[in-house]
Each structure stands twice: as structure tokens, then as C-alpha cells.
Amino acid sequence: MNPYIIATLLFSLGLGTTITFASSHWLLAWMGLEINTLAIIPLMARNHHPRAVEATTKYFLTQATAAAVLLFASVSNAWVTGQWDISYMTHPLPNTLIILALSLKIGLAPLHTWMPEVLQGLDLTTGLILSTWQKLAPFYLFLQVAPMNHTLLIVLGLFSTLVGGWGGLNQTQLRKILAYSSIAHLGWMILVLQFSPRLTLLALLTYFVMTFSLFMVFKFNNSTTLNSLTTSWAKAPALTAMLPLILLSLGGLPPLTGFLPKWMILLELTKQSLALIATLAALSALLSLFFYLRVSYAMTLTISPNNTTGTLPWRLNSHLPSTPLALAASLTTCLLPIAPATMALLAS
């Protein structure tokens, strides 16, 4: 694809997100979401592969459905209340419809089934955009809309953590594993959204850093399956040693960065007298940790095959810039010492 076209599409992605961020009117927010969707579709289909075209079609139909529900809910709210303001959602029916539409947009369970299939059909760069940038605008609207049905968010969040852990157990495709990881992390963010929006933002930002690191590792090794990771130790031994730390950070083990948001979310849920929900969420993290460890095992502890097909990738050095990966990997593993300062900031 022409670099000027790619630059235009990336600019449109930023423009759509910025319009949603800057809007207090439902029509403008909807317009920003639509610009975002229309900008990423050509990026998804640029490989002209049947699998990519299928993923693009699924993504377009899903996002169009979510946008239609969101527009219907905002029009219904304007009909009932006479207001188009995002923060003025006082009727329970439009409020619930907005929550469900945004859940469909970002892939919360049980509205998640499109996410693994779409991510599986994309290249790693576009998958990274879909897993990170495309979640910013819907999350802004989540933070702006005061949910009237608090049980709904807890059910969506808890179900997402369980589905995200359970769905990735038997996967061998790395992009599907990343999709279920995304669903599980979104569940953690939604669980605490109504109690501490700042904590949700902290979890979202740390998730972005950790996911960026993991996508960059897979792109550096040009790997999309567990089997293709087995030759990575011969190409980049230092990166091979770093990957388990990144994966364990995603799983939320101390003393790595991923432990920070999960620890604070469990603390907040306990303060809100939701000890059972916190326990179930913590147990669901064990499911996610299992398939993260499977990826670590495939990359670090498996001896690569000695046939010609297995040895060929060893001779192909990656020419990707390593500085962003090194920075992101450092942040993924070393941010836990700032936890006291972060807790003081959230408490203020």
C-alpha cells in the first residue's frame, strides 16, 4: 500500500479518536467512532488475502451493528430527556443499550465472539492497532456514561475475565491467544470502572504497554503460532529470555508491572464489599496464566527441530528497530516500584 495512503489512514484513526475525546454530544461521539472504523478497514484488508477479507467483513458488520445500537440509544435518550449530552443519560433503557453497544465495540464477553476470529485474520501490526488504539474511544465513552445498572458492569466484567481465561487454554495460534488475553484484561477494567475510573485508566495504560511488548516480540520473530516460536532462541537469545517475563507480567505475577493494576483492582473490590467477585476474578487469572506459560515453554524450553524447514528461519535476521521493544519490555517488567506513588495519586 502507498505510504501516503497509510499515513492518511493513520491520521484518520487519530482524528476519529480525537473527535470522540473532544465531544460532549452523542452525534459527534458516534461520528468519531465511525471515522475510526472506516479508517482501519483498509488497513485490515490491505493483504488481499481471503482470511484478511473475511476478518475485515466480520469486523465491519460487528462495528456497524454496535454503532447502530449506540445511535438508536442516543436518539432514544434525546427523545425521552430532550438532551444530547453524553453525561446526561438518566433513562435506564438507553443507558443499558449504550453499555451493551460499547461492550460489543471493544469485545466484552458475551459479545466477544468476533474478536478472536477477526484478530486471527490480521497481520500483527494491524492486530496491535485493533488491540490498543481502537479501544481508546469506546473506553472514553464508558468513563463518561454513568451506569444506572451497576450489576450489569460487574456481570460483564466477571464473565469477560472467565471467558478470556477459559477460551485461550487450547489455542495454538498466538493471535487468538492475544485476543483472549485482551478479553480477560478488559474484564478486569470493567469490574472496577464504576468504583474507580482512575484505576481503570491505569489498568488500560499498563495493558497497552504489555500488549505492545508482546506484539513486537512476535513481530520481531515473525511468529504467529506456538510451533514457529521454537526457533526464536537461535535468532534472538536475549529476547527469548525476556519473553517469559513479559508473559508473566501479563499474567499479573509480582514483582512485575502487570501485578500493579490487578492488585489495586482486587483491593478496590474488597473495599466495596465484593470479596466473592474479587476471588473469582483472581482465580480466573490463573487460567490466563496457564496459556501464558505455554507460550513461554514453546519459546524458551523447546528444542528446535533439526530438519531443513526448522533451521531455515534461524538464518533470517529481523531488521525491525529494537529500541521501542526494549523500552516497552522494560516498562512491562519494572514499573511495580512506583506502586506507592500511584496509590497516593489515585487516593488524592
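Between domain 1 and domain 2 there are zero salt bridges, a salt bridge being a side-chain nitrogen of Lys or Arg within 4 Å of a carboxyl oxygen of Asp or Glu. This is a predicted model, in which local features need pLDDT of at least 70 and side-chain atom pairs count only at pLDDT 80 or more, while totals for chains, interfaces and linings use all residues. Residues are numbered from 1 along each chain as its sequence is written, and side-chain values use heavy atoms, leaving out hydrogens and water.

Where do the two domains lie? Their bounds come from an automatic or database domain assignment, and the table lists them.

| Domain | Residues |
|---|---|
| domain 1 | 1-106 |
| domain 2 | 149-305 + 322-347 |

The C-alpha centres of domain 1 and domain 2 lie 26 Å apart. Four residues from domain 1 and four residues from domain 2 take part in the contact, meaning heavy atoms within 4.5 Å.

How much area is buried between domain 1 and domain 2? The value is about 420 Å², and carbon and sulfur atoms give 81% of it. Buried area is the accessible area (1.4 Å probe) that two parts lose on being put together, summed over both. On the domain 1 side, Thr96, Ile99 and Ile106 lose the most area to domain 2, together 70% of what that side buries.

Now for the cavities. A cavity is a set of points on a 1 Å grid over the protein atoms alone where a 1.4 Å probe fits but cannot get out. The count comes to four cavities of 30 Å³ or more. The largest cavity has a volume of about 110 Å³, the space filled by probe spheres set on the points. Its lining residues (an atom within 4 Å of a point) include Tyr59, Ile106 and Trp114.

Terms used: On a 1 Å grid over the protein atoms alone, a cavity is a set of points where a 1.4 Å probe fits but cannot get out, and a pocket is an open set with protein on both sides within 12 Å along at least five of seven lines; lining residues have an atom within 4 Å of a point.
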